[in-house]
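This report describes a single structure. Please look at the sequence and the model before reading on.

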Amino acid sequence: MTIEISKEEQTQAIQSIKRYFREHMDEPIGNMAAGGLLGFFLEELGPLVYNKAVSDVQDRLQARITEVDIEVHEDEFQYWHKPGRQRKAK
C-alpha cells in the first residue's frame, strides 16, 4: 500500500525538512533533494509507522470490546426487586 499525502502536506513536509537541515546540518538542502528525501521516508518508513498505528488501534479496540459486557450489562430477573412490585397479600 502506497502512503500518499496531499500537495499541501507535501509542501509543508518539504519546508520542515529544509528547516531541519538549516538548523541541524552543516549544509542546507534544496527543494528537489528534500522532496526526494520525503518520498524515500514515505516509501521506506511510512509503512512501519502506519502498521504500528494500526496495531495500536487494534489493541485499543480489543480493550474496549473486552469492557463492553461491563458497560452494558443488565442484571436478570429484576422485576420483583423494583420498588412497588411486592406481592399483595390476599
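The sections below cover the model, a helix pair, a nonpolar core, aromatic pairs and one tryptophan.

## Basis of the model

The model is predicted, with local features requiring pLDDT of at least 70 and side-chain atom pairs counted only at pLDDT 80 or more, while totals for chains, interfaces and linings use all residues. Residues are numbered from 1 along each chain as its sequence is written, and side-chain values use heavy atoms, with hydrogens and water left out.

## Helices α1 and α2

Helix α1 spans residues 7–24 and helix α2 residues 31–44; their axes come within 9 Å and cross at roughly 110 degrees. Helices are DSSP runs (H or I, at least four residues), numbered from the N terminus. Axes are lines fitted to C-alpha atoms over the stretch in contact, with angles from 0 to 180 degrees between N-to-C directions. The two helices are therefore roughly perpendicular (65 to 115 degrees).

From α1, the residues Gln10, Ala13, Ile14, Gln15, Ile17, Lys18 and Phe21 meet Asn31, Ala34, Gly35, Leu37 and Leu38 of α2, where contact means heavy atoms within 4.5 Å. Seven of the residues in this contact are nonpolar, four polar and one charged. Here Ala, Val, Leu, Ile, Met, Phe, Trp, Tyr, Cys and Pro count as nonpolar, Asp, Glu, Lys and Arg as charged, and the others, Gly among them, as polar.

## Nonpolar core

The largest nonpolar core has six residues: Ile14, Ile17, Phe21, Ile29, Ala34 and Leu38. Such a core is a set of buried Ala, Val, Leu, Ile, Met, Phe, Trp, Tyr and Cys residues joined through side-chain atoms within 4.5 Å; buried means under 20% relative accessible area, exposed over 50% and partly exposed in between (1.4 Å probe, protein chains only). α1 gives the most to this core, with three residues.

Beyond its neighbours within four places in sequence, Ile17 is in contact with Ile29, Ala34, Leu37 and Leu38.

## Aromatic pairs

There are three aromatic pairs in the structure. Rings of Phe, Tyr and Trp (its six-membered ring) pair if their centres lie within 6.5 Å; planes under 30 degrees apart count as stacked, over 60 as edge-to-face and the rest as tilted. Tyr20 and Phe21 form an edge-to-face pair, with ring centres 6.4 Å apart and planes at 75 degrees. Tyr20 is partly exposed at 44% relative accessible area.

The pair of Phe40 and Phe41 is tilted, at 5.9 Å centre to centre and 50 degrees between the planes. Phe40 is partly exposed at 45%, and Phe41 is partly exposed at 36%.

## Tryptophan 80

Trp80 lies in the segment after α3 (46–71) and is exposed, with a relative accessible area of 57%. Leaving aside neighbours within four places in sequence, Trp80 is in contact with Arg85 and Gln86.

Methods:
Angles under 35 degrees count as roughly parallel, over 145 as roughly antiparallel, 65 to 115 as roughly perpendicular and the rest as oblique.
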